[in-house]
Amino acid sequence: MKKMQTIQLVGLGLFAVLMAFAVVTRGGPLDWRSASQEPVGLAPDPAVTPEAVVQAYAARTWGWRGYFGVHTWIAVKPERAQAYTVYEVIGWRLRWDDSVLVVRNRVPDARWFGSAPVLIADKRGKDADALIGRIDEAARAYPYAGEYTLWPGPNSNTFTAWIGRAVPELGIHLPPTAVGKDYLGERIVASAPSGSGIQVSLLGLLGVTAGPVEGFELNVLGLTFGIDPFAPAIKLPLIGRVGPAR
């Protein structure tokens with residue numbers, strides 16, 4: 001117990017230093033009310049795309065948090081549907097609701113308060129259609145819907161990793177900047193966030209992950225360091241993936 005408290009205190013100290021650096025170098029807060037939420041053209045237009053679509057996205061979070069991590073979400077469109085359903089976790093909902101889980105129709109590839117999203121999973125056709133019911137079931141079974149912690153989790157990336165483990169066929173490739181993806185609650189061992197490979201994690205603060213999607217990752221105080229030998233690249237905190245995209 002004392003060792004765990006020491007790890008948490010050291011982690012909080014490091015996190016506070018990094019936050020202070022980010023706030024100072026940011027040069028002032030952004031106005032989230034005027035930040036762009038325009039789509040970036042990654043999602044097929046449902047009006048002309050009859051096939052099923054399942055996508056997962058990641059975008060840098062708003063304000064100083066964007067230096068450290070991303071917000072992630074999942075969008076689905078059943079065959080011949082005219083709109084996308086987006087599944088995501090939004091922490092500030094706890095101010096007026098008892099759940100952070102949001103399931104709603106919205107533009108799936110909209111900027112996240114100014115930050116352009118990137119695709120981290122993309123499935124089409126009958127294979128995608130077969131996954132949609134399982135994604136919905138897993139989302140509604142998310143065990144941390146009543147809580148939210150920016151660091152080390154549970155947060156939006158913890159949710160996306162939960163879906164990835166439940167539906168490995170989706171092949172979600174969470175970036176190293178997805179802080180919270182390694183949070184397992186009281187568990188220590190689980191499958192990797194992609195659903196393939198294995199992960200050992202202690203409260204999302206210390207752990208290792210190995211698998212065909214993640215490669216090899218080391219989690220230190222919630223920050224990810226790693227290598228991807230399958231599509232050669234290194235993974236670093238704040239920066240993300242350095243090398244060719246998978």
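Q: Strands are counted as paired if DSSP finds at least two bridges between them. In what order do the strands of the open sheet stand?
A: Strands (E, at least two residues) and helices (H or I, at least four) are DSSP runs, numbered from the N terminus. In this predicted model, local features need pLDDT of at least 70 and side-chain atom pairs pLDDT 80 or more, while totals for chains, interfaces and linings use all residues. Residues are numbered from 1 along each chain as its sequence is written, and side-chain values use heavy atoms, with hydrogens and water left out. Here five strands make an open sheet, β4-β3-β2-β1-β5, with antiparallel pairing.

Q: Which strands stand at the edges?
A: They are β4 (101-105) and β5 (118-124); each has a single partner strand, so one side of each lacks a neighbour in the sheet. On average, neighbouring strands are turned by 15° against each other, direction ignored.

Q: How many bridges join β3 to β4?
A: Five bridges link β3 (residues 85-89) with β4, and the two run antiparallel.

Q: Which strands does helix α2 touch, and what angle does its direction make with that of β5?
A: Contact means heavy atoms within 4.5 Å. Axes are lines fitted to C-alpha atoms, for helices over the stretch in contact, and angles between N-to-C directions run from 0 to 180 degrees. Helix α2 (residues 125-140) packs on the sheet and touches β1 (53-60), β2 (70-77), β3, β4 and β5, at about 120° to the direction of β5. Helix α3 (residues 156-166) also packs on the sheet, touching β2, β3 and β4, at about 40° to β2.

Q: Which residues of the largest nonpolar core touch the most other members?
A: A nonpolar core is a set of buried Ala, Val, Leu, Ile, Met, Phe, Trp, Tyr and Cys residues joined through side-chain atoms within 4.5 Å. Buried means under 20% relative accessible area, with a 1.4 Å probe and protein chains only. In this core of 31 residues, I74, I135, F159, I163, L170 and I172 touch the most other members. At least two residues come from each of β1, β2, β3, β5, α2 and α3, and α2 gives the most, with six.

Q: What is I172 in contact with, beyond its neighbours within four places in sequence?
A: Its contacts include A56, I74, I120, A121, T160, G164, S194 and V213. A second, separate core has 13 residues, among them A35, Y84, V86 and F113.

Notes
Buried means under 20% relative accessible area, exposed over 50%, partly exposed in between (1.4 Å probe, protein chains only).
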